Amino acid sequence: MAKVSLLYGVGVQLFAVGLHASIFMLILWNNSRVSPTVREAAMRQDLPLARFSSARAMHHVRAIDAFGPRPVGTYPNEVQAPQYLFRAVQGAVENAFPDAVVETRQSFAGSEHVDFAWPVRTPQAGSYNIKIEVERQMATGDFEIGFLGGVVLSYSNISNVLVRVSWQKEDQGARDDADYLLISSHYDTQPGTVATADCTAHIASMIELFQNIIAGPPQEMGIVFNFNGAEETFLMGAHAFLSHPWAENIRAFLNLESVGTGGPLLMFQVSPKASWLLEAYARAVSHPFGSAIGQEIFDAGLINSETDYLVYHKLGGYSGMDFAWIHSGQFYHTTRDSLDNFEPHTIQQAGSNTLALVTEICQAWAHQRGQEASSDPTPSSKLVFFDLFNLKLIYYAFPTHQKVSLAILTLLAVHTTYIEGVPLLRSARAALCHFMGLLCSIVLNACISSFIAYGLQSTLSWYSMPSRLLALYAAPALLA
C-alpha cells in the first residue's frame, strides 16, 4: 500500500511538472507569434494617414539611425536629431493639411516655438479648430532620484522636442485649461550604439502616431508628445519636461521604453489609482500583454535601473503606464541594437495598439473628468494585472487579492475540518509542515540556481534562449 501511495505521489508530481512546463512553452510560443493581420499591415505601403503604418515609421527609423550614436551633448543628439524631428512633424502636418496656416515660425537653433492652426471640419463632429504647437525646450535644473542609493543630479541646457495638439469647437474658442495625455520616449542613446529599439523605433512610432492623430477625428483630450533628448543620463529629459508650462495640464501619460529588440509591447508598470487606464487598455488592445511582476521587481529595488515612469509618476504626480519591448534582451545597450536585429513587424504591432489605446484613453477621460480621486475603486492601493494567453487582461486591486487569498485559506480549513473530519490542530500542524517544506525547497532551489549562475559563470546564459530556463532552473526546482 505504501509503495502504491509513493508511486501515486510521484506520478502526481511528474504530471504537475509536465503541466507547468507545457504552459511555460505555450506562453513562450504565444508571445513570439505575430498575427497575420499585423504581418499584412506591416507590409502595406498604402495605409491611410489615420492608420498606423510601419512602412512610414521605418523610414524615420532609418533616417535617425543614420546619424549614428547619439549620447547627450553630441552633435547628432543636440542638432541633427532635433532638426529631423522638427522636419518630420512639419511634413506630417503638410501631409494631413496642405493648406495649413503657420502662425509663427523661427529658426530651430535654440529654444523656439512654432504654431500651426486652422479649422478642421469632420462630418460626424461638426466644425473644430485644431492647433499644433512645436517647441524645442532647453532646460537647466536639478533633482534627487531615489535609486542607486539616492543621488542628486544637475543638468544644463539639455533639450526636448515637444509637440502639442489640441482641438476646440469654433463656437467655444481657445482654452488654457484643457486636459492632455502625454506620450513620451527618448532619442538619445548610450555611447557606441544607434539603439534602434532603445528607442529610435519608439521615436519613429511617435512621429507616425502624431500623423495618425491629426489626420483622424478630434479627441476628447489634447495630446502632448515629449521627444525626450536626455533619458540615458538618469532621466534628466523627463524631469526637464516637468518644468515646462505644458506639464501643468497633463492628466495621464504613456511611456515607451525598450530592454530588447522585439516581441509584443509589455505593459509592466501602472500607477495606483489608475484602474481607469487599465480598463481603457483592456478595451482597446485585442491581444493584451502585461504583468505586474515587473512593477514588483522595480518597487522592490531588485533592478538598479529606472525609466521615465519614475519621474512622471513620483515627481510629476501623473497617473500613467510604462511599456517596453523585452525580447532579445541580450542586444540591449550594445552595438547589436541595430536594424539588423530589429524585428520589423514589432513596430506595427506596438504602434497599432498604442494608437487604439490613445483613442480609448481620450474617450475614457471624458467620463473620468471631474471625478475626485476618492471615487476611484482603488484609491491608495497597487493594482494586480496580468494577461491570460494574450486573450484577456485580468486586473484588480491588491486588497481584493488579499481578500481572495484569505477566503481560499478559510475554505480549505473548513473543508478539511468539517467535511473530511480532520481535527483542526492536526490540519494546522500539517499545514505548518507543508509550509516549512516549501520554504526549504525554495532555499535549496535558490542555492542550486545561484551555484549554476555564479559558480559556473552562467548568469545570463538563458537570456538569448528563454527555453533554457527549464533545464537551468526548473530542473533544480523539481529536485528541491
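This is a predicted model: local features need pLDDT of at least 70, side-chain atom pairs count only at pLDDT 80 or more; totals for chains, interfaces and linings use all residues.
Let me start with helix α3, residues 54-65, which packs against α10 at an angle of about 120 degrees, with the two axes 9 Å apart; axes here are lines fitted to C-alpha atoms, for helices over the stretch in contact, and angles run from 0 to 180 degrees between N-to-C directions. Residues are numbered from 1 along each chain as its sequence is written, and side-chain values use heavy atoms, with hydrogens and water left out. Helices (H or I, at least four residues) and strands (E, at least two) are DSSP runs, numbered from the N terminus.

The crossing of α3 and α10 is right-handed, a term used if the near helix is turned clockwise from the far one by less than a right angle. On the α3 side S54, A57, M58 and V61 take part, and they meet P344, I347 and Q348 of α10, where contact means heavy atoms within 4.5 Å. This contact divides into 5 nonpolar, 2 polar and no charged residues, counting Ala, Val, Leu, Ile, Met, Phe, Trp, Tyr, Cys and Pro as nonpolar, Asp, Glu, Lys and Arg as charged, and the others, Gly among them, as polar.

Helix α10 also packs with α7, residues 275-284, at an angle of about 135 degrees and with the axes 9 Å apart. The two helices are therefore oblique to each other, since angles under 35 degrees count as roughly parallel, over 145 as roughly antiparallel, 65 to 115 as roughly perpendicular and the rest as oblique. Their crossing is right-handed, and W276, L277, A280, Y281, R283 and A284 in α7 meet A356, L357, E360, I361, A364, W365 and Q368 in α10. By class, that contact holds 10 nonpolar, 1 polar and 2 charged residues.

The search of the whole structure finds 1 cavity of 30 Å³ or more, a cavity being a set of points, on a 1 Å grid over the protein atoms alone, where a 1.4 Å probe fits but cannot get out, with lining residues having an atom within 4 Å of a point. The volume of the largest cavity is about 40 Å³, and its lining comprises 4 nonpolar, 4 polar and no charged residues.

Finally, some backbone details. The peptide bond from D198 to C199 is cis, with omega near 0 degrees, and C199 is found in α5. N157, in strand β4 (residues 151-169), has a positive phi of about 55 degrees although it is not a glycine.

Note on methods. On a 1 Å grid over the protein atoms alone, a cavity is a set of points where a 1.4 Å probe fits but cannot get out, and a pocket is an open set with protein on both sides within 12 Å along at least five of seven lines; lining residues have an atom within 4 Å of a point. Grid points are joined across faces, edges and corners, and a volume is the space filled by probe spheres set on the points.
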